[in-house]
Amino acid sequence: MKDNTKSSQRKIWHHHPPLPIPNTPVFDWPPRPGDAVQWLSSRWINVTASSLFLIVALLVFHFDVLPNDKAQSLSADWILQVWLRNLTLILFFAGGLHLWFFTFSGQGKSFKFDAQTLKRSGKRFSFGDQVYDNMFWTLSSGVTVMTFFEVLYWWAVANDVAPGMAFSGAELWFFVWVLALPIVGSTHFYWVHRLLHWPPLYRKVHALHHRTINVGPWSGISMHPVESLLYMSDLLIHFFIPTHPVIFLLHLYIKAIGPAFTHAGFERVVAGDTKLVSAGDFHHQLHHRFFECNYGTADTPWDRWFGSFHDGTEAASERIRQRVRERALKSGGVRRWG
Ligand SMILES: [Zn+2]
Ligand SMILES: [Zn+2]
């Protein structure tokens, strides 16, 4: 397999997917049912982070699920158990991807987006080092908030505060949830992310995540605790709409572990010429590079509808630069962009 490097953006990107990058056809009018079905199903029928998380969710539910009576009261023993499991999962996925891509350079620069090598040191990072900074915020803020939502969910189901759901008799509803999760998550992410770019909240909270421009697996949930809480708050939907616990766990893993893949900085994990699993999300990589674009994901058209969609082309880069220049002139100051 060859990297796609024949591009006018070669200085920025070592590799990028075919441009312009696609956006979901699910909301197109007139409808394109064939394309919509393919878009919705492809992540589940191929080896992707989402399909791996579905397997992990099924395994955790089968082998590790808490007995209801234990979760009825909040006690340190089972909360610690949940925290340790989540810590292990994050260490396995984010740590494993980092070791493969960066420590052992398992595939060299194959499918690496950014043309620059990872420069770790920098005054803006905690401990003066990008990787230590990202690991610290992921393992402290990220894993704790992830565990907070999971503990709250088990407690709420055990006490009939959240409506649980059995699989038997609700099979169709289970599969509707699976297909809907990326749309729910993407919509919530777009709006929360726009809020996080509101200057006062950006400076105090979201700037921490944007310290990192050349992202890696540990950058994914390297967030201020307030951002982690806002970012994962779409999990509260399961407190209102009946959900099988596997769906909750799947949603939790897409939110908390998914960013280790989407921020990997490499489009896919390959061994030789064999693709093992898709990884980096060029849509979000563009957000870290160009800052005022792609607040959501490609699974919803919010960015397209509100004019902030960057499709990876030079024309889109120029449009974003122009908009930032105009805004800076209007506000009489210079606005930073990545
Ligand atoms: Zn942002
Ligand atoms: Zn990010």
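User: Is Phe 127 buried or exposed?
Analyst: This is a predicted model, in which local features need pLDDT of at least 70, side-chain atom pairs count only at pLDDT 80 or more, and totals for chains, interfaces and linings use all residues. Residues are numbered from 1 along each chain as its sequence is written, while chains are lettered from A and ligands numbered from 1 in the order in which they are written. A residue is buried if 20 or more other C-beta atoms, placed from the backbone, lie within 10 Å of its own, exposed if 12 or fewer, and partly exposed in between. Phe 127 has 11 other C-beta atoms within 10 Å, and therefore it counts as exposed.

User: What is the phi of Phe 127 near?
Analyst: Phe 127 is found in the loop between helix 4 (76-103) and helix 5; helices (H or I, at least four residues) and strands (E, at least two) are DSSP runs, numbered from the N terminus. Phe 127 is a residue other than glycine with a positive phi, and that value is near 65°.

User: Is Asn 294 buried or exposed?
Analyst: Asn 294 belongs to the loop between helix 11 (282-290) and helix 12 (302-305). Its phi, near 50°, is positive although the residue is not glycine. There are 29 C-beta neighbours inside 10 Å of Asn 294, so the residue counts as buried.

User: How many helices and strands does the protein chain have, and what is its radius of gyration?
Analyst: The protein chain contains 13 helices and two strands. The radius of gyration is taken over C-alpha atoms, and the globule rule is 2.2 Å times the number of residues to the power 0.38. For 338 residues that rule gives 20 Å, to which the value of the chain is close, so the chain is as compact as a globular protein of that length; its radius of gyration is 20 Å.

User: Which residues is Leu 250 in contact with, leaving aside its neighbours within four places in sequence?
Analyst: Two residues are in contact if their C-beta atoms, placed from the backbone, lie within 7 Å. Apart from those sequence neighbours, the contacts of Leu 250 are Phe 53, Leu 54, Ala 57 and Leu 181.

User: Within what arc do the buried residues of helix 2 fall?
Analyst: Helix 2 (residues 49-64) reaches 21 Å from its first C-alpha to its last, close to the expected 22 Å; the expected span is 1.5 Å times one less than the number of residues. Its buried residues are Ala 49, Ser 50, Phe 53, Leu 54, Ala 57 and Val 60. The arc is that of the directions from the helix axis to the C-beta atoms. These residues line one face of helix 2, because, seen down its axis, they fall within an arc of 140°.

User: Which residues are exposed on the other side of helix 2?
Analyst: The covering of the buried residues of helix 2 includes helix 1 (33-45), helix 9 (245-256), helix 10 (258-262) and strand 2 (274-278). On the other side, the exposed residues are Ile 55, Leu 59, His 62 and Phe 63.

User: What does helix 7 span between its end C-alpha atoms?
Analyst: The buried residues of helix 7 are Val 205, His 206, Leu 208 and His 209. They line one face of the helix, because they fall within an arc of 130° when seen down its axis. These buried residues pack against helix 5, helix 6 and helix 8 (225-231). A straight helix of twelve residues would span 16 Å, but helix 7 (residues 199-210) spans only 13 Å.

User: Which residue is the bridge partner of Val 270 in strand 2?
Analyst: Two strands pair if DSSP finds at least two bridges between them. Strand 1 (residues 268-271) and strand 2 run antiparallel and are joined by four bridges. In strand 2, the partner of Val 270 is Lys 275.

User: What is omega for the cis peptide bond that joins Trp 29 and Pro 30?
Analyst: Pro 30 lies in the segment before helix 1. The peptide bond between Trp 29 and Pro 30 is cis, and its omega is about 0°.
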